[in-house]
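Have a look at it first, and then go through the points below in order.

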Amino acid sequence: MNVLPARTSSVRVGRRRLSRDERLGYLLILPSLGAVFVIVTIPFVLVVIQSISSEDGTLIGLRNFTRALANPLLYDAIRATAEYTVLVLPVEILLGLSFALLVHRTVLRPGLRAAIYVLAILPLVVPPVAIGVVARLIYAPGYGVLNVILERLGLMHQEVNWLGDPTLAMLAVASVDVWQWTPFVYLVLFSGLQTVPRESVEAAQIDGANWWAQFRYIDLAYLRPLFVLIIFFRLADVLRVFDHVFILTGGGPGTTTQLLSLYMYRVEFKFFDAGQAAALAVLVLVSFSLLYSLISRALPLERA
Amino acid sequence: MQSITRREFVKRTALAGALLTPIPAILEACSTGTPTTTKTTKLTIAAVQGAEDGPLKKVAPMYQSQSGITMEIVEFPYDQLFEKLVTTFQANGSSYDLCMMDDPWMPKFGTMGALQPLDSNFGFTRDSDIPSIVYDVGTWPPPHGPVPPSEQGKSQHLYGITIVGNVEMFMYRKDLATTAPSSWDDVLANAMKFNKPNFYGYVIRGKATNPASSDSLPILWSFGGDIFDTSWKVMLDSTESIDAITFLTQSLKKYAEPGAANIDAADRDRLIAIGQAFQSTTWPAEVTGVVEAQGVSQVIGKMAYIPIPKGPGGKGLGMMGNWLLGIPKGSKNGSAAADFIKWLIKSDNMKTYVQNGGIPTRTSLLNDPTLGQANPYFPALAQSLAAQPNWRPRTDQWNAVETIYGTAVNQAVAGLKSPKDALTAAAAQVRTAMKQAGYPS
């Protein structure tokens, strides 16, 4: 047997030399790593530095964090964000799952499925600002479409103050989120349902499994990792919610709908307190990283 | 020709890409920072999108044809313009040669040293046809009232020239009430008298932060209340301040539109324009844009405009909301930009500007009967300017203070807190914010 010599020279790395292919691989991923470094790592390091600096750049330790945590408005914002999350996440998951199961089991014509698919994508591609403006036309005091419809149907005789009452205002801003993001949940879960093997379902049906049993013991097993994915994405989105809340209520009445994103925007761009805003950003990043790690432990990403 | 493998081709392409990518940035970096000595060919104006910059857009082409300088107007919504200007100034950017500024922004920009002085650099002097308060509002540090601690002792300069002479006024239905309300008690009496189902005696612009703040400040001042005294002591929880906000959020609110806590200027104008409300405070742009706009309003000719009514102390204080033009420090075309401002405020050119929807500052134009016919609020605006309206506190912390105060008023309008509780909490927050910013509190 002939032993072929190495085609090219190699470089020593530790005890092993990198092959030509490996070097090419590293070379090719270098631009991507560079981009991640520039776009993610450098800003993060700058935010951390800003969070421990005063306005003139002097290092002041954790003073910005102390100020951020001592501000009662932060806890109002956390409470509002928690309420918003608790409202929108379960509703979106339940509605999305219901639609996915309904379409999966009852709509069999490919053309109709494609049409529903397109309809589901539409809310996701509409700019949040436009959605906020439309929602304001629905809920606004005086000329809101919803009040007009309810009045004409005889369901109410006095105008409902959708955006001025604390509870209703939160429901109004949450409803916009539900409208925009339930289709996302539907699309993810519907694609998950497509991966359920037909044979397993047929075998269960032959064994007499009813609708619920099929869902619980077969479908759900395939959908579980997707729920984690949905919770991951939606939690990140809830933290970024801004536009429609800003347009609908401006965080009011009072601070009842002032979510974390809106609060942080105000600290940075209204209070111009860059140190406190940076401290808040670091706090949010760290606490949500911990939360994400707990979620991923609680729900296995891949089935065993 | 030597052939290469596909792998080698990919490798060389990647290397070439990596080497060539920064070239445009390097060239750009080399080109900036070198001041140009050539004649100015273009002026870029950062402007606020809406009624305020509409007339400017109409007259800028006239200047372009006269001077040969291309005028580019870059528009931003209100909030984004402020953020854009602050970040541009922080970077000493040269993107804009002129910028439109709301007058409460002057303290921030003055403290930052972001603008070029118009008097010492470009020879601007005061014109007797323009009220002195209009020049004062563009001067930093402020010629009267408390001066921020960091700015005390600095020499005063003119940094901005008003091009939109906004002052908050009062409007009411003159076809229904025969006499104008002279005091807030009259306003309340009229609200009670004319209030009926689907017709509101008063409109409160009560949406959180800026709207609630702007709507309530003239009442606060007219009642003798204030946000700060002359030594920056917080006065929001004074008896006068609490009385003023109680008057607005309890007495007047009884006759106000439902959902007042979510009403902004556009909603207020709609209620007035469709004939569903009797009276409210107003800004000139709301009058021209909606209330007196042909094809939009049902109350054209039915509204009267007057200065802000008097409070218990016998004084009514309007609020300035001037829009100014300034020249950013980073601009390399300062001289040409100053020439444009001088051209714009010349009497003839300002008249053309007014004929295109502009709000003047010249007393002669405000009292011009021909212009007054098309702009029924001009006499009230002239009176308001002559009466030395208040400006919002001249502090670079104003945005923070306004957010806190405007949220507190909104809470009181929504009934979430009593006026006293809302203002007491707001006063404590303002004290903390001001103390952190180095003010005595």
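1. Taken over C-alpha atoms, the centres of domain 1 of chain B and domain 2 of chain B are 26 Å apart. Domain 1 of chain B covers 42-164 + 321-386, and domain 2 covers 169-319 + 393-436; such bounds come from an automatic or database domain assignment.

2. Please keep in mind that this is a predicted model, in which local features need pLDDT of at least 70, side-chain atom pairs count only at pLDDT 80 or more, and totals for chains, interfaces and linings use all residues. Residues are numbered from 1 along each chain as its sequence is written, while chains are lettered from A and ligands numbered from 1 in the order in which they are written.

3. For the complex, the predictor gives an ipTM of 0.73 and a pTM of 0.81.

4. A contact means that the C-beta atoms of two residues, placed from the backbone, lie within 7 Å. Where pLDDT is low, the predicted coordinates should not be read in detail.

5. Now to the two chains. Their contact takes 26 residues from chain B and 25 residues from chain A. On the chain B side, helix 1 (6-20), helix 11 (265-273) and helix 18 (398-414) are the elements that give two or more residues. Helix 18 of chain B supplies the largest share, 7 residues. Helices (H or I, at least four residues) and strands (E, at least two) are DSSP runs, numbered from the N terminus.

6. Strand 7 of chain B pairs (at least two DSSP bridges between the strands) with strand 8 (residues 279-282) of chain B in the antiparallel sense over 4 bridges. Here Met169(B) has Thr282(B) as its bridge partner. Strand 7 of chain B also pairs with strand 9 (residues 303-306) of chain B, antiparallel over 4 bridges, and Arg173(B) stands opposite Met303(B) in strand 9.
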